[in-house]
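Visitor: I'd enjoy a close look at one strand in this structure. Could you walk me through where it sits, what it pairs with and what packs around it?

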Amino acid sequence: MIVIAGNTVQPDSIGEYAPGSIERTILDMLASSSAKSAYDSVDQLKFELALRKEIIAASLQLYRSGLGFEIFRETRCNPDYWKRTQEGGFLLKDGVKPSKAIMDIYENGSKYGTECATAMMIVYYKALLSVYGEALFDKTFPKIELMNWHHIDPLLREVGYISKRDVYLPGDRRYFANPDVDPLVPQWQGENVIDLGDGKYYGHGIGIRNADQIIRALNQNRSEDADEDAHLLDSAGRPNFNRLYGISRRSAA
């Protein structure tokens with residue numbers, strides 16, 4: 001159920017989204033759910049749709065970027081834009097525009113290597129860069145440190161947590177857990193992914209696959225005495241769309 005300013009609305013009333021588009025798919029999912037999804041305005045809802053679409057686009061672009069997979073002690077980055085920290089994260093260098101540094105990961109992906117959670121943060125920053133534009137992005141995120149769910153900008157802190165949702169949507173961050181992982185390959189303890197819609201997920205290192213394929217890959221890296229299959233958790237992480245929309249609206253005022 002979609003409720004805008006206290007009134008229940010149908011997807012057709014939102015306008016311009018073609019059948020089969022990501023935005024229309026999300027609207028139909030929200031409208032068919034018994035849970036109430038409330039917004040203050042149509043523009044607030046449209047912002048969430050736009051950001052979810054860009055999260056998916058940023059995931060597909062990162063998949064094609066050549067970004068390598070590395071555990072933290074072996075991460076690498078382009079020193080022209082980032083300083084590699086002792087923990088294995090990437091810290092934006094002084095004097096570098098945040099927008100240029102994020103785009104360099106996409107344009108020179110082979111110069112970078114990191115693990116799946118940090119890749120999720122890269123996706124969120126790229127999506128916000130696409131929605132905000134360079135000027136607002138650079139103003140909003142003057143300092144960036146990329147390292148899984150540590151050192152997250154306060155504006156994005158919610159993406160570091162996953163919780164049960166009434167409905168799971170394209171653009172959500174999900175997690176496949178592998179509780180019986182082989183201790184010799186701890187990087188297979190789970191996979192952070194972005195829900196791409198149509199049953200597909202993007203996870204850095206594992207690529208674009210459906211749930212069964214991801215679970216099968218994780219199961220192949222369990223301990224010899226494993227008795228529990230890998231599985232998709234009934235939870236999701238999401239940015240605070242309303243807070244991020246407020247930044248966009250104040251900038252336009």
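Guide: Happy to! One term first: two strands count as paired if DSSP finds at least two bridges between them. Keep in mind, too, that this is a predicted model.

Let's take strand β9, residues 173–177. Is this strand mostly covered or exposed? It is mostly covered, with 5 of its 5 residues buried. That holds for both faces: Arg173, Tyr175 and Ala177 are buried on one side, and Arg174 and Phe176 are buried on the other.

Now for the pairing. β9 runs antiparallel to strand β10 (residues 190–197), and 5 bridges join the two. Within that pairing, Ala177 stands opposite Gly190, while Phe176 has Glu191 as its bridge partner. β9 also pairs with strand β13 (residues 231–232), again in the antiparallel sense, over 2 bridges.

Stepping back, β9 belongs to an open sheet of 5 strands in the order β12-β11-β10-β9-β13, with antiparallel pairing. The edges of this sheet are β12 (207–210) and β13, each of which pairs on one side only. Helix α3 (residues 42–63) packs on the sheet, where it touches β10, β11 (200–203) and β12. The direction of α3 makes about 120° with that of β10. Another helix, α5 (residues 116–132), does reach our strand: it lies across β9, β10 and β11 and runs at about 30° to β10.

Note on methods
Residues numbered from 1 in each chain as written. Predicted model: local features only at pLDDT ≥ 70, side-chain atom pairs only at ≥ 80, totals over all residues. Heavy atoms only, no water. Buried < 20%, exposed > 50% of the residue type's maximum accessible area, 1.4 Å probe, protein only. Helix = DSSP H or I, 4+ residues; strand = E, 2+ residues; numbered from the N terminus. Contact = heavy atoms within 4.5 Å. Axes fitted to C-alpha atoms, helices over the stretch in contact; angles between N-to-C directions.
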